[in-house]
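Notebook open, structure on screen. I want to look at the core, then the fold, then the surface.

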Amino acid sequence: SWYDFGMGALGDWGAHLIDTAHQFLDLGLPYEVDPIYLESHNPFFFPYSSTLSFKFPERGNMPPVEIKWFDGINNQPPLPEGFGTSVLDPNIPPPTDGSRFTEKLKPGKIIYSKELTFKGGSHGSTLSMIPSENAKDMASKLPFVPESPSNHFANFLKACKGQEQCRSSFDIAGPLSQVFTLGVMAQRLGTKLLFDRKTKQITNNPLANFLLQGSAPRKGWEEYYRLA
């Protein structure tokens, strides 16, 4: 299976979707991060556009997974046949002047499995099947999912007050942030990185491994600088 994400800068991955995928697919950390496309890369600035490949090994009875990240205005993921049009997540607040977005919407997120293809807008927008006839044929076979009592934004506030369980918790977002860090390093250095998931070391690039470790933490803060 492989996944395409085309949702803006690497620092603003469509957090809710990727948190969910990371959690339920039990991805952990990748063993390889490869910048397969970099536009105007140089030692001083991040590229204007980039495509990164993150590879994860087999996990239990689940097959290997490749996640491809696309960023940049003119670097869009390939759209599957019958994609149709993008939709805006109705839970995203409009601009402060009350106007609606008029810019042509980007693809958002596309998920490919062995037999099915899904699409969705940005953030926590609802996924739909491509083509839509598949959804009708499978409607009776899909598991029941209770309707969410709150949207993506209200859930965070209610979780802080102990009223709901957070749907994008730090125990998921923490390791996911480590995945992002490896992607940013591959962008910066412009080279493939091989990562040992057990030792938490980059094995093919001493400079990258040095940057991964960073400077020594202040006394008393050591535990917060360790990779999970």
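By nonpolar core I mean a set of buried Ala, Val, Leu, Ile, Met, Phe, Trp, Tyr and Cys residues joined through side-chain atoms within 4.5 Å; buried is under 20% relative accessible area, exposed over 50%, partly exposed in between (1.4 Å probe, protein chains only).

This is a predicted model, so I note that local features need pLDDT of at least 70 and side-chain atom pairs pLDDT 80 or more, while totals for chains, interfaces and linings use all residues. Numbering runs from 1 along each chain as its sequence is written, and side-chain values use heavy atoms, without hydrogens or water.

Core. I looked up the largest nonpolar core: it has 22 residues, and Phe-54 and Ile-202 touch the most other members. Helix 4 (170-189) and strand 3 (49-56) are among the elements that each supply at least two residues. Helix 4 gives the largest share, six residues. I then checked contacts (heavy atoms within 4.5 Å). Leaving out residues up to four places away in sequence, Ile-202 touches Leu-182, Phe-195 and Leu-212, among others.

Fold. I count five helices and nine strands, taken as DSSP runs numbered from the N terminus (helices H or I, at least four residues; strands E, at least two). Buried residues are 35% of the 228.

Surface. Which residues form a nonpolar patch on the surface? I found Phe-156, Leu-157 and Phe-170. Leu-157 sits in helix 3 (residues 152-160), and I call Leu-157 exposed because its relative accessible area is 54%.

How values were computed. Patch = residues over 30% accessible without salt bridge, like charges linked within 9 Å, V, L, I, M, F, W, Y side chains within 5 Å. Areas by Shrake-Rupley, 256 points an atom, 1.4 Å probe, with all protein chains shown as cover. Salt bridge = Lys/Arg side-chain N within 4 Å of Asp/Glu carboxyl O.
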